[in-house]
Amino acid sequence: MNVPVRPPSAFPPRKGSGLLASFGHAWAGLIHTVVHQRNMRVHLISGVLVGLVGSGIPLGLAEKVTLIFCVLLIFFAEILNSALEHLVDLAVQQFDEKARLTKDAAAAGVLVLALGTVVIFAAILVHNWDTVRTSTEAITRQVALGLPLTACVVVLVLPHRRPAVVDVGAFLGAAALLVLLFFETASLVFTALTAGLVVIAGAAAYQRRREARPAAQDMTADSPVSRNKKTG
Ligand SMILES: Nc1ncnc2c1ncn2[C@@H]1O[C@H](COP(=O)(O)OP(=O)(O)OP(=O)(O)O)[C@@H](O)[C@H]1O
């Protein structure tokens, strides 16, 4: 009997199908961008600072929505910029004027959004200046707890090699500071935004460690001998 030979698939098999798998692929794309794009790491740290300001000063609904939307929009633009860079690199391996224009235009899109966000952020602060001036206690607390939290996030996203214990300490430190900030927050949404960004920073640190693991170690771990050892 002739068994029909299927042509080789154009793409490697997906890790799964369905909603959960799609979510996993999108999450992997987000973490990959944080690990490999310096600008994305800057946006992430800026997002944490916006989250700290928003959870310290009581803002109106429109101001909250605008700030959160701006942070998410910059993330979206940077992820799209990164996707475009990969696409251009896939198609063009040498210097090409059109490749340069494509990449520069995508980068300009992110820059325009980032500048717009800074202006909106400053306008919101100026508009709420009376509240800012009278919130000395809240601001002192946000600075005292928020700056170490931001430092922990910076440690997590830094591309330099470091012992695992530093990453674990930075993540636990950020989580503990978040819990302290949670009890006095002026906005649960901004605290949730900060918490989400800390989780992303932690996942990026973990992914960076996985990528830095020597290939030989992975191969040894997955070799038939080691698998036999594990099962036997
Ligand atoms: N194939 C190419 N041909 C011509 N110019 C290129 C090419 N690849 C990159 N460039 C130029 O180099 C710049 C940086 O491109 P690169 O791929 O290194 O992205 P990047 O450093 O990650 O950029 P970004 O600063 O936006 O994150 C581009 O904006 C473009 O001006």
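**Close-up views of a predicted model**

**View 1. Glu85 in helix 3.** Glu85 is a residue of helix 3 in this predicted model. An unreviewed UniProt entry carries the annotation "binding site" for Glu85. Glu85 is classed as partly exposed because 17 other C-beta atoms lie within 10 Å, whereas a buried residue would need 20 or more.

**View 2. The shell around the ligand.** Glu85 is also one of the residues around the ligand; the others are Gln37, Asn39, Asn81, Val92, Phe95, Asp96, Ala99, Arg100, Lys103, Asp104 and Ala107. By class, the shell comprises 5 charged, 4 nonpolar and 3 polar residues. At least two shell residues come from each of helix 3 (61-91) and helix 4 (97-127). The most is given by helix 4, which supplies 5 residues.

**View 3. The largest nonpolar core.** This core contains 38 residues, of which Leu44, Val153, Leu156, Ala174, Leu197 and Ala201 touch the most other members. Helix 2 (38-56), helix 3, helix 4, helix 6 (136-157), helix 7 (164-182) and helix 8 (188-212) each contribute at least two residues to the core. With 8 residues, helix 8 gives the most to this core. In soluble globular proteins, nonpolar side chains tend to be buried together.

**View 4. Contacts of Ala201.** Ala201 belongs to the group of core residues that touch the most other members. When neighbours within four places in sequence are left aside, the contacts of Ala201 are Leu44, Val153, Leu156 and Val157. Among these partners, Leu44, Val153 and Leu156 are likewise listed with Ala201 as touching the most other members of the core.

Note on methods
Residues are numbered from 1 along each chain as its sequence is written. This is a predicted model: local features need pLDDT of at least 70, side-chain atom pairs count only at pLDDT 80 or more; totals for chains, interfaces and linings use all residues. A residue is near a molecule or strand if its C-beta atom, placed from the backbone, lies within 6 Å of it. Helices (H or I, at least four residues) and strands (E, at least two) are DSSP runs, numbered from the N terminus. Ala, Val, Leu, Ile, Met, Phe, Trp, Tyr, Cys and Pro count as nonpolar, Asp, Glu, Lys and Arg as charged, and the others, Gly among them, as polar. A nonpolar core is a set of buried Ala, Val, Leu, Ile, Met, Phe, Trp, Tyr and Cys residues joined through C-beta atoms within 7 Å. A residue is buried if 20 or more other C-beta atoms lie within 10 Å of its own, exposed if 12 or fewer, and partly exposed in between; C-beta atoms are placed from the backbone. Two residues are in contact if their C-beta atoms, placed from the backbone, lie within 7 Å. UniProt positions are given in the numbering used here, feature names are shortened, and annotations may be inferred rather than shown by experiment.
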